[in-house]
Amino acid sequence: MIENSSIWVVSDVDGTLMDHSYDLTPAKETIKKLQKFSIPVILCTSKTASEVRVIRKELNLIDPYIVENGAAIYGESLKRVNGEIILGIEYELLEEILNLISIEIDYKLTPLNNLTDHEATELTGLKGNSLNLMRDRHWSMPFLNPPSFLDKKITNCCKKFKVDIFKGNRMSHLLSRNSNKGKAIDALKKYSNIKNIKIIGLGDSPNDLPLLLNSDIRIVIPGKEGPNLNLIDQLNDLEFILASEPNGYGWKNEINKLLNKLEIN
Ligand SMILES: [Mg+2]
C-alpha cells in the first residue's frame, strides 16, 4: 500500500527492471525484500496496462502502476478514484496530431500500432498475444523513431501542437503535455496524501528523465553496452547513482545497497 510507507520505489520496466529478453528473474528476490518492509514498488513504464498486469502478477505486486509513459495510473487500491487516474489525452486525438506533425515535417511518422505482426516482432521482440497486449493503448502514441535530422523540426511541432515527444532507444512516444512519468508520480503523491515521501527512482533512457528528476535518489541503469549517454547528458550536474551492472542485476544491487544503508535489511 502506498499509504503505508514514506519510501517508494518507482521503476521503469524495459531495460531497467528487466533486459530486452524480458527476464524478470534477477530483481525478484529484492522485490520480495521490499515487500517485506512494506515499501511499494510502483512500476512506471511506457508499456500498456494490459502488459503491466502480466508483470505485476509474475512479481506479486499490488501497488499502483503508471503506464503509457505516465499518461495513466491504475491500481486496485486507488479506491477514491475508482482505480484509475488519467493524465493523458485519447489515442485517437494523438493519432490526429501525429498526422498533422507528419504533414508539417513532410515525413510520414508511423504509429507502432500500424505495424504488421512481423514488423512489430522485429522491433520489440514480442510475439503472439504479447503483441495484442502491447497494442491495447489508450492514452499515448508510440511511433517509429524518425531520422535525427528531423529532431529540430519535430521539437518545433511539439510547441505548435502543445504536445511532448520522447525519443527512446527503440521508439518515440507522443504524449499530452500533462502526462509524463514525473507528472504521474506527482499525481500519485497527491492522491496518497502523505507528506515527505522519498522516491527512489530507477530508469535507463531519456523518457525516464521526468521520473528521475522527480526522485530523491536517482538510479541510472545501464544496458549491456553501458548507460544511455543522452540520459546522462540531460541529468547534467544532478546527483545520481550509475548502477554497476546492467538491467535487473544493476537494479537488484543498487536497491540492496540502499536497503543496507537504511538499516532495514
Ligand atoms: Mg526503459
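Tutor: Happy to. The largest pocket holds about 350 Å³ of space. A pocket here is found on a 1 Å grid over the protein atoms alone, as an open set of points where a 1.4 Å probe fits, with protein on both sides within 12 Å along at least five of seven lines. Its volume is the space filled by probe spheres set on the points, and grid points are joined across faces, edges and corners. This is a predicted model, in which local features need pLDDT of at least 70 and side-chain atom pairs count only at pLDDT 80 or more, while totals for chains, interfaces and linings use all residues. Residues are numbered from 1 along each chain as its sequence is written, and side-chain values use heavy atoms, with hydrogens and water left out.

The lining of the largest pocket consists of 17 residues, where a lining residue has an atom within 4 Å of a point. Nearest the centre of this pocket are Thr155, Cys158, Ile165, Phe166 and Lys167. Three elements, α6 (151–161), β7 (163–167) and α9 (229–235), each supply at least two residues of the lining. Helices (H or I, at least four residues) and strands (E, at least two) are DSSP runs, numbered from the N terminus. Sorted by class, the lining has eight nonpolar, four polar and five charged residues. In this sorting, Ala, Val, Leu, Ile, Met, Phe, Trp, Tyr, Cys and Pro are nonpolar, Asp, Glu, Lys and Arg are charged, and the others, Gly among them, are polar.

Where does the largest pocket lie? It lies between domain 1 (2–86 + 180–261) and domain 2 (91–176), because both give residues to its lining. The bounds of these domains come from an automatic or database domain assignment. The C-alpha centres of the two domains are 23 Å apart. Across the boundary, 22 residues of domain 1 are in contact with 15 residues of domain 2, contact meaning heavy atoms within 4.5 Å.

A search of the whole structure finds one cavity of 30 Å³ or more; a cavity is a set of points where the probe fits but cannot get out. The volume of the largest cavity is about 320 Å³. It is lined by 23 residues, and Asp14, Ser46, Arg170, Met171 and His173 are the closest to its centre. By class, this lining divides into five nonpolar, nine polar and nine charged residues. Domain 1 and domain 2 each contribute at least three residues to the lining of the cavity.

Asp14 leads us on to the metal. The magnesium ion is coordinated by Asp12 (OD), Asp14 (O) and Asp204 (OD), at 2.2 Å. Donors are N, O and S atoms within 2.8 Å of the metal (3.2 Å for Na, K and Ca), and since water is not among the atoms, sites may look incomplete. Along the chain, the donors follow the spacing D-x1-D-x189-D. Asp12 and Asp14 are both buried, that is, under 20% relative accessible area; exposed means over 50%, and partly exposed is in between (1.4 Å probe, protein chains only).

Asp204 turns up again around Thr16. This threonine sits in the loop between β1 (7–11) and α1 (28–36), and Thr16 is buried, with a relative accessible area of 0%. Leaving aside neighbours within four places in sequence, the contacts of Thr16 include Asp204, Asp208, Asn247 and Trp251. Between the C-alpha atoms of Thr16 and Leu235, which are 219 residues apart along the chain, the separation is 17 Å.

Finally, two asparagines deserve a look. Asn60, in the loop between α2 (49–59) and β3 (65–67), has a positive phi of about 55 degrees although it is not a glycine. Asn60 counts as exposed because its relative accessibility is 55%. Asn196, in the loop between α7 (181–192) and β9 (198–203), likewise has a positive phi, near 55 degrees. With a relative accessible area of 67%, Asn196 is exposed.
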